[in-house]
Amino acid sequence: MQKCEVLYIMYYIGIDLGTSSTKMLLLDEQGVIHAEVAHDYPLEFPQPGWSQQDPAHWWQAVKKGMPQLLKGIDAGSVAGIGVAGQMHGLVVLDESDNIIRPAILWNDGRTAKQVDYLNNVIGKDKLSKLTANIAFAGFTAPKILWMQENEPENFARIAKIMLPKDYVNYLLAGVHACDYSDASGMLLLDVEHKCWSREMLEICGVQERQMPKLFESYECIGTLKPEVAAELGLPETVKVCAGAGDNAAAAVGTGVVGQGGCNISLGTSGTVFISSKSFGVDDTNALHAFAHADGGWHLMGCMLSAASCNKWLLEDIFKTGDHAAEQAPISDDKLGRNHVFFLPYLMGERSPINDTNARGTFIGMTMDTTRADLVQAVLEGVAFAIRDSVEVARSLGITIDSSMICGGGAKSKLWKKIMANVLGAELRSPASEQGPGMGGAMLAMVTCGAYESVGAACEKLVGVCEIVKPEPELTALYEKRYQQFRKIYPAVKNLFPEIQ
């Protein structure tokens, strides 16, 4: 009599702690998604430019979503949880681990004075030496300085400083922990040596005992607390991994790990994420230099306006929502031959120029310039600006001849063709775009031993549905156009402060 082999499926939960909602997914070891849930929560804007949130809402979203996620599933077969989250937010706890004040979020702009102090009094060179980065309003260190100056009573009560996803991990496992990728965005971590920078902590008036313990993203920080396991309907044996910042987790979800892995995201804003096995930082700190969730490092360029440039032109200026129709007249023979250029700096720019005064600019128009020429110029301008960040990475000796590409803008075949030839790199579209939650679940798999490394999990679970290859003749045309494009901003940058 032949025995039947029973296949026992193990499940992994990925939690994407976002700014406006928490998304959760249930993944098995083969990469099949069995359930997804999402719950929204409010943001607070107590003053213009301020953005904060009650951390209690994050935990409420997790508790509300868990029974929906596990419906019809044997909860006893859940092995691990990985949380990915919005970076840079300041969460402060007192000696009893109670929340002292609402979390100050990544998109909060109250710290202009503190950023100026860090960059120009402490000095960018010193910051770069200590943390591999310079100060931005979104980072955590300026928020700590702001709190010290403006809320001294609350500042004096701080027993623990945490990031958003780490607070959720604390509630799950009872451990004050942080991973290196998320910690990199605090401006408190010595990124190269993966330890807290004692000098930066001293500059910010805090001590190392107030900081969480550091882990690699795929390391286990503990198992579920018994009372939490009972409340969530999960076994106490569920392992909680350290998790990752949202960009690093999303990179894991698209397979961007190891040496020279690259992902381009064409969302409202744009990012270039470049993974590396070795630490590196450019001379001008044009790119963020952070630790990666795979145990290595990564460089990241952030442009503030990417697909939003195209949306602005078509919907706000041309008053149409038919993006495909606007791109239809841009035939192959027009690519690389457009004489109109566009600087995509509608909201200023971060990487690599770091200029809040920069503005969107059309140049090269003549009496025979068409509507389609302007559309093409916007698509090309974003591609050229993405290349600006890629070139910084290449200057460090990183070879980038292929990249994943995702985001709403990547749904345009024309835009992907332009991007591939501007970069001279093969572009691959992931078979599934699940964002940071997918990466969180994959990290949990490594924590639980389902895969021996993050790279092995990516190799098995990340698929590609489309490949766009550069064409030598078109790449040569775009090379000439790019060299012209890169002369425009230096020629006009001094005008931008004058015209505002």
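## The second largest pocket

H12 gives the largest share of the lining of the second largest pocket, four residues. Helices here are DSSP runs (H or I, at least four residues), as strands are (E, at least two), numbered from the N terminus. This is a predicted model: local features need pLDDT of at least 70, side-chain atom pairs count only at pLDDT 80 or more, and totals for chains, interfaces and linings use all residues. Residues are numbered from 1 along each chain as its sequence is written, and side-chain values use heavy atoms, with hydrogens and water left out.

The pocket has a volume of about 400 Å³. Its lining holds 18 residues, and Ile353, Asp388, Arg486, Tyr489 and Pro490 lie nearest its centre. Two or more lining residues come from each of helix H12 (371–395), helix H16 (472–485) and helix H17 (488–492). On a 1 Å grid over the protein atoms alone, a pocket is an open set of points where a 1.4 Å probe fits, with protein on both sides within 12 Å along at least five of seven lines; lining residues have an atom within 4 Å of a point. Grid points are joined across faces, edges and corners, and the volume is the space filled by probe spheres set on the points.

Strand E1 covers residues 11–17, and seven of the seven are buried, so the strand is largely enclosed by the rest of the structure. Buried means under 20% relative accessible area, exposed over 50%, and partly exposed in between (1.4 Å probe, protein chains only). Tyr11, Ile13, Ile15 and Leu17 point one way from E1. Tyr12, Gly14 and Asp16 point the other way. In a regular strand the side chains alternate between the two faces of the sheet.

E1 pairs with two strands described here. Pairing requires that DSSP finds at least two bridges between the strands. With strand E2 (residues 21–28), E1 runs antiparallel over seven bridges. A hairpin of three residues joins E1 to E2. With strand E5 (residues 78–85), E1 pairs in the parallel sense, over seven bridges. Ile15 has bridge partners in both: Met24 in E2 and Val83 in E5. Asp16 stands opposite Ala84 in E5.

## Strand E5

E5 is mostly covered, with eight of its eight residues buried. E5 also pairs in the parallel sense with strand E14 (residues 239–241), over two bridges. There, Gly80 stands opposite Lys239. Gly85 has Gly245 as its bridge partner in E15.

## A seven-stranded sheet

An open sheet of seven strands runs in the order E18-E19-E17-E16-E22-E23-E24, with mixed pairing. Strand E18 (288–291) and strand E24 (464–468) are the edges, each pairing on one side only. From one strand to the next, the twist averages 25 degrees. Axes for this are lines fitted to C-alpha atoms, and angles run from 0 to 180 degrees between N-to-C directions.

Within the sheet, strand E16 (residues 262–266) and strand E22 (residues 402–406) pair in the parallel sense over three bridges. Ser265 stands opposite Cys406 in E22.

## Helix H15

Helix H15 spans residues 454–461, and Val454, Ala457, Cys458 and Leu461 are buried. Seen down the axis, these buried residues fall within an arc of 100 degrees, so they line one face of H15. The arc is that of the directions from the helix axis to the C-beta atoms.

The buried residues of H15 pack against helix H9 (246–253) and helix H14 (436–447). Contact means heavy atoms within 4.5 Å. Glu459 and Lys460 are exposed, on the face of H15 turned away from its buried side.
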